[in-house]
Amino acid sequence: MSFATIELAREGRVGIIRLNRPQALNALCDQLVAELGSALDDLEADENIGAIILTGSEKAFAAGADIKEMQSRGFVDVLVTDFISKGWERVATCRKPVVAAVAGFALGGGCEMAMMCDIIIAAENAKFGQPEITLGIIPGAGGTQRLTRAIGKAKAMDLVLTGRMMDAAEAERSGLVARIVPAEKLMEEALAVASRIAGFSLPIVLMAKESVNRAFESSLAEGIKFERRLFHAAFATEDQKEGMAAFVEKRKPAFRHR
Ligand code: CO8
């Protein structure tokens, strides 16, 4: 399938989606969000894919929702069409792990999209922010919610209320970013991380991701119970037998993935 605003590639068991609207710093227009959704559908359905990388260009992961598309919209229009809801949460609903490889600007909807991913790896030149306030709006795709859970109220308020950007070092200190790498090593590192994940048992990876995400949606007691049930379920898989046999026999496991 060919796309106009993104590029889709496969490298081993890793699917790579590159946002590709350089003329607009990868601003997330309706077409891009639709194409991204369809690429994720493809990769999720592909049993040869175990993890996904979402990336942009050296200058921008994504500089936000497309302001030129939003400019003329009114309240009734965005309410009735349920603007943002359709398609936007697709990254967050992806069951396979998604690694965000972020260089340059990740602003507004771009920062929100990075936060919908499971691991953010940042180039040294990455800049994160929720500048919506400077446009007379507030974040609308999780910026006040996921950012607050990721970096705490003090920093989230600072970013959301001032609209300032934070650099990669501050983002890592704050807990938003998992790793920082030199810009030229960004894809190499993201591919190494995604390939490592994709080499493990897919059902177990899905369980691990779902269980970590449950921490954000439940009480500690409920989360622990959920984790315990999945932990027990892991023992029903052939990959548990293989993983443990391989350890005992001092060899590399050959996971079946399914
Ligand atoms: N939308 C549309 N076009 C954009 C956007 C954007 N978000 N960002 C940059 N562009 C365009 C510029 O208009 C410019 O186009 P042109 O050459 O035709 O004038 C081109 O990209 C290059 O941009 P700049 O010349 O501004 O590049 P600079 O390097 O000088 O500046 C910045 C880079 C600082 C990133 C600057 O472009 C900027 O401030 N961009 C806007 C950032 C922003 O405010 N983002 C938040 C948008 S609102 C949002 O995301 C709400 C999310 C709600 C959920 C999702 C809803 C769908």
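Predicted model: local features only at pLDDT ≥ 70, side-chain atom pairs only at ≥ 80, totals over all residues.
In strand β9, Asp-167 is the bridge partner of Lys-127. Lys-127 lies in a strand called β8, covering residues 127-129, and β8 pairs with β9 over 3 bridges in the antiparallel sense. Both strands belong to an open sheet of 4 strands, whose order is β4-β6-β8-β9 and whose pairing is mixed. At the edges of this sheet stand β4 (60-62) and β9 (165-167), each of which pairs on one side only. On average, and with direction ignored, neighbouring strands here are turned by 20° against each other. A helix also packs on this sheet: α6 touches β4, β6 and β8, and the direction of α6 makes about 90° with that of β6.

A second open sheet is built from 6 strands. Reading across it, the order is β1-β2-β3-β5-β7-β10, and the pairing is again described as mixed. Why is one side of β1 and of β10 left without a neighbour in the sheet? Strands β1 (6-11) and β10 (179-181) stand at the edges and have a single partner strand each, so one side of each has no neighbour in the sheet.

Strand β2 spans residues 14-19 and runs antiparallel to β1, with 6 bridges joining the two. Among the residues facing each other across this pair, Ala-9 stands opposite Ile-16 of β2, and Arg-10 stands opposite Gly-15 of β2. As a general point, side chains in a regular strand alternate between the two faces of the sheet. The hairpin formed by β1 and β2 has 2 residues between the strands, and Gly-12 takes a positive phi near 60° in this hairpin. Helix α1, made of residues 30-45, lies across β1, β2 and β3 (51-55), and α1 runs at about 15° to β1.

The ligand comes next. Around the ligand there are 25 residues, and those that come nearest are Ala-63, Ala-65, Ile-67, Trp-88 and Gly-109. Which classes of residue make up the shell? It contains 15 nonpolar, 5 polar and 5 charged residues. Three elements, α2 (67-70), β6 (105-107) and α6 (109-116), each supply at least two residues of the shell. Of the elements, α2 gives the largest share, with 3 residues. A backbone N or O atom of Ala-65 is 2.8 Å from a ligand oxygen atom. In the side chain of Lys-59, an N or O atom lies 3.2 Å from an oxygen atom of the ligand. For Gln-23, a backbone N or O atom is 3.5 Å from a ligand oxygen atom. How much of the ligand does the protein bury? Taken alone, the ligand exposes 1,100 Å², and the protein buries 68% of that.

Key. Residues numbered from 1 in each chain as written. Heavy atoms only, no water. Near = heavy atom within 4 Å. Polar contact = N/O pair within 3.5 Å; in protein donor to acceptor, adjacent residues only side chain to side chain. Areas by Shrake-Rupley, 256 points an atom, 1.4 Å probe, with all protein chains shown as cover. Nonpolar A, V, L, I, M, F, W, Y, C, P; charged D, E, K, R; others polar. Pairing = 2+ DSSP bridges. Contact = heavy atoms within 4.5 Å. Axes fitted to C-alpha atoms, helices over the stretch in contact; angles between N-to-C directions.
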